Amino acid sequence: MTQLSAPVFKKKPLGTRFTHAIKQYWPLYAMIIPGMLFFLVYKYLPMYGIQIAFKNFSLRKGIGDSLWLWEDKKDWFYWFERFFKSPQSSQIITNTLIISLSKLVMEMIPPLIFALAISETMFKRYARVIQTVSYLPHFLSWVIVFGICATMLGENSGVVNNMIKKMGGQAIPFLSNKKYIRGVLIGSSLWKGIGWSSIVFLAAIAGIDTTMYEAATIDGCGRFRQIWYITLPNLARIFVVLLITKVGHVLDGGFEQVYIFLNDRVRATAEIIDTWVYTQGLGKQQYSLTTAVGLMKSVLSCGLVLGTNALARKWDSSLW
Amino acid sequence: MKKLISALLVLAMLLGMCAFAAAEEPVEVRVSVSSLGNGWPATLEEDWVYQKILKDINVSFKLELVDDYWNAMGTRMDIYDAYMIDIDHLRTWGRDGALLDLTELKETKLASYYEWLGSTKLSAAYVDGVLYGLPKLYDGSKSQLCVTIRQDWLDALGLKMPETIQDLYDVAYAFTYNDPDKNGENDTLGLTAAKPSATGVFLFDTILGSFDTAMGNWILIRDGKVTNALLQPGMVQGLEWCKKFVDAKIVDNDSLSTAGTSQFVSGKVGMIGCTWPGIWKAYGQQQIHDVNPNAVTNFFTTLKSEVGAEPAMYQGDLNSTNAIFAISADITEEKLDALIKYIDYITVGEGANLVYYGLEGEHWVYDEQGRIRMTENATAANYISTYQLFSRKELEYLDAKFPEAKMVFDETTAANRIWTYNSLVVEPDGMYLSDMESYARQQLLDFIYGDRELSEAEYANFIQELNDMYQFDEYMASAEEQLRAQGIVE
Amino acid sequence: MVKSKNDIAYELLVLFIITLVGLVCVIPILFVIAYSLTPMEEMLRNGGFVLIPRKITFSAYAFMIKNPTLISALKVSTIITVFGTMANLVVTMMLAYPLSRDYLPGRGTFIKLIVFTMIFSAGTIPTYLIVRATGVINTLWALILPSLVTVYNFIVMKAFFEGLPNDLFESARIDGAGEFRILYRIVLPLSLPIVTTISLYYAVAHWNVYTAAILYIQDTDLMPLQVIMRRMINAASTNDLNVEDEIPPETMRMAAVCIATAPIVVIYPFIQKYFVKGTLAGAVKG
């Protein structure tokens, strides 16, 4: 039996590759030290705290000395079970996904269209004013936004309903009806974020090489086609990258907003995972439950991000 | 820089020690609170209550705000000597061993304080039989609720003050459709309420009280037995009335998401159910008159219904309190003594007057009958309420502070309530209490708004759901057991 | 240049979109400003909705500004915004530039490590303990260091740097430029729009900081603007008021919003010029 020779394309041993890389690129590695150090200290070190998802956490004993669940005669998945066994958990997960995915679309598409419109219009000064105005809502806290919504959308004397009533219609209970609340949540989040989210697209458009447009104009390309064939492909990378980061938060749904907009009339369609956890732990210091649910969300998000990233690879714009 | 400062500090301290070698260093006590009164002074120098306490009893008593008890408090427990917390925190921390056991101190060092408290119920401050706190309780219910009504609207339409639930309906109906403000526009409503909170859905509690029940999971004692508002015989009838109000479009549905106060003040709604201070204190009255100089407000408390029970309005819990003063288990003997000195100081006499009313002569004076009357400068003493960490003689206090609203709080305090006992009951392990409560409220609202058919049979189904999904029956059985153990029922 | 029908239709469509967004955004903002300037009783008389105030009062602003803590809060917020953003920017760029070079060995691992922290977060208490262990509790560092790099901003910046061709740097390297010099002299000028955007994002985050402040800061005179503002208007949102508390009128809240927002809003027009299409015309091609 003839012995096969060693593979032709044998990689160099890891150690050699490592020293080689360091030697060649040490200034680049040096550059990332402060940033990586930050992630190590403030993001990775605290992760030892995730263990409280499997503990009966006591503030007084601290993270290390709190009892493990099995030391307390409970299953290790006690806190996870606590979430999934709630009769409301499936409804809450559904709500979270619906609200969050709609928000995701609203945070990506309308700002993109708005940014395109701003960059395309010939009334540049007007566009600048509008752009400045459009990013103001981002600075309003959700409490204030809710106040504005109540003034605008209230059933009794809201501005919108007053108009509807004047035109002979029936007042619509936007803020206290299961059917409308998701729309209000998504709409107000769109309103708050459209100008702000469009900034990053504007920056991307500013970075596109104008000679490409000039060439296209000479070729007789209409302006719609210019957007389609030049602008959008150039925005693809940033679009996908934003999408991936947002997918990582798809189980969040916007706690601060939803918590303020919630009431018992709309809870069935508006309660999300984070508001549920908060209410459960309120005053009862259920840090373990919070951590467990957070961990569960993280694992799922991790899968989603990996999946989206793998898809994105096909368009050559993955994160890594 | 830091070194320089510390060097200076040491120097200053040394100098200070030389100068007041005889005077004792004040003992510092740090107490966390979850809110500070209006106009809280920016510095300790401006805080004349702090300064007076320091001078009188040589205790540096510092109240510090923790903006977010859920997160921030979890990390900072160890820096405070005592905390102002709610009943849930008391239970969690008490069981955790973080709080000082006061059972013995009650008989010794804190004896004079508890003696002063007298008959006030302390049940809320006990966790598993151990006394952990000094609850801020009031004689009478803290939730002095009533329905405030526009008397001028009643007069304009020739209506009487409502006495029964039918009257309430008629008045609300007339307020909505008969143009009570005579502006020629159909832009008014009958009834609104304060925003729903943990203590109820006020809008419908206004109605349900007449049926001896309330919106949601409220543990009651009727005929010496433990029962629940959800199980009250008048519930379905009460819900039918609520539905009647909603169907007639005479109630302010917005009050389910936002407080109806501004609707009432601006003259869009004729009746509002809420606590009296917002409307009846001088400031609230001023606002109402600024908007409409002809506005006249009046109020009523309980309404009769065809259900025979004694009419009541709104629920109240004599044991419930969001404010219990608890002491850290790690407190030093020295600080504990200083703390007790403070407690004794503000309980009676000069110290009590200081934290209740301010400085004599400046913020208040004695009138001819020897009663305390506030002066024009009284608003400068608004912030001091945060220093009132413990119980107070409520009516006496309100008399002096808000004489303009005396008739309202006298009557609301005396009014019959749906007395509840939720605060004395701990849910069985593994039960989802807050889920159960929110589910119950949602379903009750569904009945009222027609999302769910309202009939005795369907209501029985709803109770069955509560039993099957949320162990409501086990909860009630456990409640009975617990209340019996505490001697509340026999 | 002759305009075709299509072009006019196109212009109109674009104009329609921006006008629509503009209107939808400007009305509520006008409402907030008008609210902060209108006497409360006037507001109530109008059913709580006024866009152009007929009577004007500055009493809400006067009340706010009277508060001495506001001045120190403004100072604190300015300091952390200016220095914090500078620190953020330097570290983020130094992280994004090397990791945007696809030839750098180990790049994928580093990026994965960073993205991982976006998905898995440790929770409040463990983070607090680490922040305390690093000795910055109750100093302004606590508002800068624990938020030194935001994953999102890093990723966006890296994505932009990836668009810069490698040849550009090769020629610079041949000329003997060091990596720091390349970053400063080539990458930075070529990425002004995104660098501006990211600094804006960082700056606004610092300006709006609330949670970190209430967790890591204890002294009132080190509290940033948002905390002080919320404390001043807090009672308005509390359900369970003490009888003594006056609910500050809604006008106060609106005034607080205007005070807290104005300073950071006025800088926007100055950086807007970096967002104009074609700013970097042809430069990338080198």
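**Exercise 1. Describe how α13(A) passes α14(A).**

Step 1. Helices here are DSSP runs (H or I, at least four residues), strands are E runs of at least two, and both are numbered from the N terminus.

Step 2. In this predicted model, local features need pLDDT of at least 70 and side-chain atom pairs count only at pLDDT 80 or more, while totals for chains, interfaces and linings use all residues. Residues are numbered from 1 along each chain as its sequence is written, and chains are lettered from A and ligands numbered from 1 in the order in which they are written.

Step 3. Helix α13 (residues 273-281) of chain A packs against helix α14 (residues 287-313) of chain A at about 165 degrees, with the axes 10 Å apart. Axes are lines fitted to C-alpha atoms, for helices over the stretch in contact, and angles run from 0 to 180 degrees between N-to-C directions. The angle therefore makes α13(A) roughly antiparallel to α14(A) (under 35 degrees is roughly parallel, over 145 roughly antiparallel, 65 to 115 roughly perpendicular, the rest oblique).

Step 4. From α13(A), A:Ile273, A:Val277, A:Gln280 and A:Gly281 meet A:Leu289, A:Thr290, A:Val293 and A:Lys297 of α14(A); contact means C-beta atoms, placed from the backbone, within 7 Å. By class, this contact has four nonpolar, three polar and one charged residues (nonpolar: Ala, Val, Leu, Ile, Met, Phe, Trp, Tyr, Cys and Pro; charged: Asp, Glu, Lys and Arg; polar: the others, Gly among them).

**Exercise 2. Work out how α2(B) is oriented to α13(B).**

Step 1. In chain B, helix α2 (residues 48-57) and helix α13 (residues 333-347) pack at about 110 degrees, their axes 11 Å apart. So α2(B) is roughly perpendicular to α13(B).

Step 2. B:Ile53, B:Asp56 and B:Ile57 of α2(B) meet B:Lys341, B:Tyr342 and B:Tyr345 of α13(B). This contact has four nonpolar, no polar and two charged residues.

**Exercise 3. Characterise the side of chain C that touches chain A.**

Step 1. The contact involves 82 residues of chain C and 79 residues of chain A.

Step 2. On the chain C side, α1(C) gives the largest share, 17 residues.

Step 3. By class, that side divides into 55 nonpolar, 19 polar and eight charged residues.

**Exercise 4. Now do likewise for the side of chain A that touches chain B.**

Step 1. Here 26 residues of chain A are in contact with 30 residues of chain B.

Step 2. The elements of chain A that give two or more residues are α12 (267-270) and α13.

Step 3. The classes are eight nonpolar, 12 polar and six charged residues.

How values were computed. Contact = placed C-beta atoms within 7 Å. Left-handed = near helix turned anticlockwise from the far one by under 90°.
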